[in-house]
Amino acid sequence: MSHKILHIGSAEKFMPSFIELVKENFDFNCHEFYLSKGMAEKDLPQSDNIHLLPNKKRLSKLKHYSQILIKMHQADKVILHSLVDISIVKLLFLSPWLLKKCYWVIWGNDLYTYKFGKRNRRWRVREIYRRSVIKNMGYLVTYMQGDIDLARKWYGAKGEYKECLMYTSNIYKSVEIKKSANSQVSIQLGNSANSTNNHIEIIEKLARFEDNDFRVYTPLSYSDQNHAKKVIKIGNELLGDKFYPMTDFMPFDDYLKFQGSVDIGIFNNSRQQALGNIITLLGLGKTVYMRDDTSQWRLFKDKGLKIYNIQDFNNINYRHHENNVLLVKQYFSKETLIQQLTELF
């Protein structure tokens, strides 16, 4: 007997390819998606199974969330793609009997608001709802044990851990790497304009190597644009023409080609973040630096991958890590993802 599976989330960049993966490998008639608007809404496939929050009008939103509540009661499983929508959190707070069939796919910012959220009245009220919901969530979905440990520590989460890569952005990608005659070293700094990338700390470090031939490519096309402006200002001041802010959104294939040209990836993220970017670079054998106090550091170390501590960054040298390529191909594979989703569904 087929399960009715309800997916609730937003039309962010992970979602279109995830939906296509479900369509290609599972019975799509069993899946229904209710999504709020996001940067990838235009890339969503047309289907009667996919419902997008129509607009910001109060009546339309009320109808949308009322329909979600009905669908949650009808579904056999409810998969929550992130837990940032406070309206969904409130619905679950008021309907706690639904939580036993809910699967929370942890994205990062939905968990780390506990640590990085602005401690104002609004945050405190939201945390009252979130604490109860997260504590009693039936299942916790991620592939990082560190995030599960934090959910249990911060919120008393009792749910069962389900290991799953979840999105195609987290799997190995084969990219043609073109050898450049140019000796200039290409560095990718961070993955977005979110302040938790801690760009400025790294820009200040890189400024010490002004005699080296390198260029710093910094993706800033989405997230906090006020922070992006600050990063651009300081990057230009300290690095000059060595600094290249990437402010336009790039199609996925173009972004992969860009990552293929990178020599060093530096991710000073203070929370679980940038995993798709990091996995791609590791799968290409690139030199990757990150912080050792994050759950992704633990993940990659546990998998036997060669990564470097940002605290030890003291030169612009890089090398190819062939063993990383083999390890990423082995674990972060489409076959692994499909098998994990089969068990999840």
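Me: Starting with C102: buried or exposed?
Reply: C102 counts as buried, at 0% relative accessibility. Buried means under 20% relative accessible area, exposed over 50%, and partly exposed in between, with a 1.4 Å probe and protein chains only. This is a predicted model: local features need pLDDT of at least 70, side-chain atom pairs count only at pLDDT 80 or more, and totals for chains, interfaces and linings use all residues. Residues are numbered from 1 along each chain as its sequence is written, and side-chain values use heavy atoms, with hydrogens and water left out.

Me: Which cysteine sulfur is closest to that of C102?
Reply: The one in C164, 17 Å away, which is too far for a bond. C164 is buried as well, with a relative accessible area of 1%.

Me: How many disulfides in the whole structure?
Reply: A search finds 0. A disulfide here is a pair of cysteine sulfur atoms within 2.5 Å.

Me: Zooming out, how many helices and strands in the protein chain?
Reply: There are 13 helices and 13 strands. These are DSSP runs numbered from the N terminus: helices are H or I with at least four residues, strands are E with at least two. The radius of gyration is 21 Å, close to the 20 Å that the globule rule gives for 345 residues, so the chain is as compact as a globular protein of that length. That radius is taken over C-alpha atoms, and the rule is 2.2 Å times the number of residues to the power 0.38.

Me: And what box do the C-alpha atoms fill?
Reply: Roughly 65 × 45 × 35 Å, along the principal axes. Buried residues make up 54% of the 345.

Me: Sheets next. What is the strand order in the open sheet of 7?
Reply: The order is β3-β2-β1-β4-β5-β6-β7, with parallel pairing. β3 (50-52) and β7 (160-163) stand at the edges with a single partner strand each, so one side of each has no neighbour in the sheet. Two strands pair if DSSP finds at least two bridges between them. The twist averages 20 degrees from one strand to the next.

Me: Which helix packs on that sheet, touching β4?
Reply: Helix α13 (residues 334-344) packs there, touching β4 (77-81), β5, β6 and β7. Its direction makes about 135 degrees with that of β4. Axes are lines fitted to C-alpha atoms, for helices over the stretch in contact, and angles run from 0 to 180 degrees between N-to-C directions. Contact means heavy atoms within 4.5 Å.

Me: How many bridges between β5 and β6?
Reply: β5 (residues 102-105) and β6 (residues 139-142) pair in the parallel sense over 3 bridges. Y103 has Y139 as its bridge partner in β6.

Me: Now the open sheet of 6 strands. What order?
Reply: β10-β9-β8-β11-β12-β13, with parallel pairing. The edge strands are β10 (243-246) and β13 (308-309), each pairing on one side only. Helix α9 (residues 252-260) packs on this sheet, touching β8 (185-189), β9 (214-219) and β10.

Me: How many residues of β8 are buried?
Reply: 5 of its 5. V185, I187 and L189 point one way, S186 and Q188 the other. β8 pairs with β9 in the parallel sense over 4 bridges, and S186 stands opposite R215.

Me: Which residues touch the most other members in the largest nonpolar core?
Reply: F18, Y143, M166, F300, F332, L341 and F345, out of 51 residues. A nonpolar core is a set of buried Ala, Val, Leu, Ile, Met, Phe, Trp, Tyr and Cys residues joined through side-chain atoms within 4.5 Å.

Me: What does L341 touch?
Reply: Not counting residues up to four places away in sequence, L341 touches F18, L21, F26, C164 and M166. A second, separate core of 33 residues includes L53, A75, Y112 and L140.
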